[in-house]
Amino acid sequence: MRAVLPHHRPGTLVLSASQWETIEALREGAPVTDEALDALYPADIRELSSRFWTPVSVAVRAAKLCAQEGRARVLDVGAGVGKFCLVGALVTESIFVGIEHRRPLVDVGREVIAAVGARNARLVHGTIEDIDFSYFDALYFYNPFEENLVAPSWQMDGEVSLSLERFQEDVTRIEAALEAAPTGMRVVTYQGFGGKMPHDYEIVEEDPEGAPHLKLWVKQEHRPHRIPQGMRR
């Protein structure tokens with residue numbers, strides 16, 4: 001049975017003492033469980049977390065991989081309630097922008113971000129057609145289009161259009177954006193994005209620090225293939 005997203009009522013979220021302890025622990029680099037961080041969100045959202053959003057331990061490592069070169073602008077495609085963006089903003093100095101096509105998730109995520117005071121985390125309601133990829137230094141993908149391929153009973157809800165055709169269109173758009181990206185673009189994937197990385201991206205780190213399926217790709221300078229002088233005609 002599919003989950004039903006809550007009808008979110010914007011308000012002023014006040015964190016408890018234990019929730020503030022979780023936030024401070026993240027900022028200080030201490031281990032934080034998913035149960036503790038998910039407690040920031042409503043119960044219906046917490047039930048979705050293990051299926052749809054990056055685990056905290058992976059998010060911490062992925063955020064640091066995205067921002068290895070210092071302050072960066074990082075895009076999370078299919079951000080949900082912005083759990084990855086929140087973690088990234090707390091453990092690095094970089095700006096994390098998440099794009100999400102379900103408005104109720106954006107509303108919930110924005111309220112949590114505001115309550116925490118994570119000024120470098122932002123959520124945008126929209127789809128990848130709305131993205132100006134040239135703004136970003138790094139991209140993060142946690143298999144964002146997979147929901148198009150699973151049975152309806154495994155989808156989050158019936159509120160957005162999902163299909164094989166949409167999967168193919170979204171993957172094609174991402175592949176084109178990666179092709180057009182400048183040298184040095186950093187791409188962190190956790191369980192992939194559903195498509196193929198262009199040939200000029202190299203894996204710089206793979207399965208780092210015990211996070212399976214986590215990879216850092218960096219776009220390399222394009223070097224035209226040269227024919228050895230002795231083989232020229």
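Me: How are the words buried, partly exposed and exposed to be read?

Reply: Buried means under 20% relative accessible area, exposed means over 50%, and partly exposed lies in between (1.4 Å probe, protein chains only). This is a predicted model, in which local features need pLDDT of at least 70, side-chain atom pairs count only at pLDDT 80 or more, and totals for chains, interfaces and linings use all residues. Residues are numbered from 1 along each chain as its sequence is written, and side-chain values use heavy atoms, with hydrogens and water left out. Here, Arg-73 is partly exposed at 32% relative accessibility.

Me: With which residue does Arg-73 form a salt bridge?

Reply: Side chains of opposite charge can pair when their charged atoms come close. A salt bridge is a side-chain nitrogen of Lys or Arg within 4 Å of a carboxyl oxygen of Asp or Glu. Arg-73 pairs with Asp-137, with 3.8 Å between the closest N and O atoms. Arg-73 belongs to strand E1 and Asp-137 to the loop between strands E3 and E4, so the bridge ties together parts 64 residues apart in sequence. Helices (H or I, at least four residues) and strands (E, at least two) are DSSP runs, numbered from the N terminus.

Me: Where do Arg-103 and Asp-107 lie?

Reply: Both lie in helix H6, four residues apart, about one turn of the helix.
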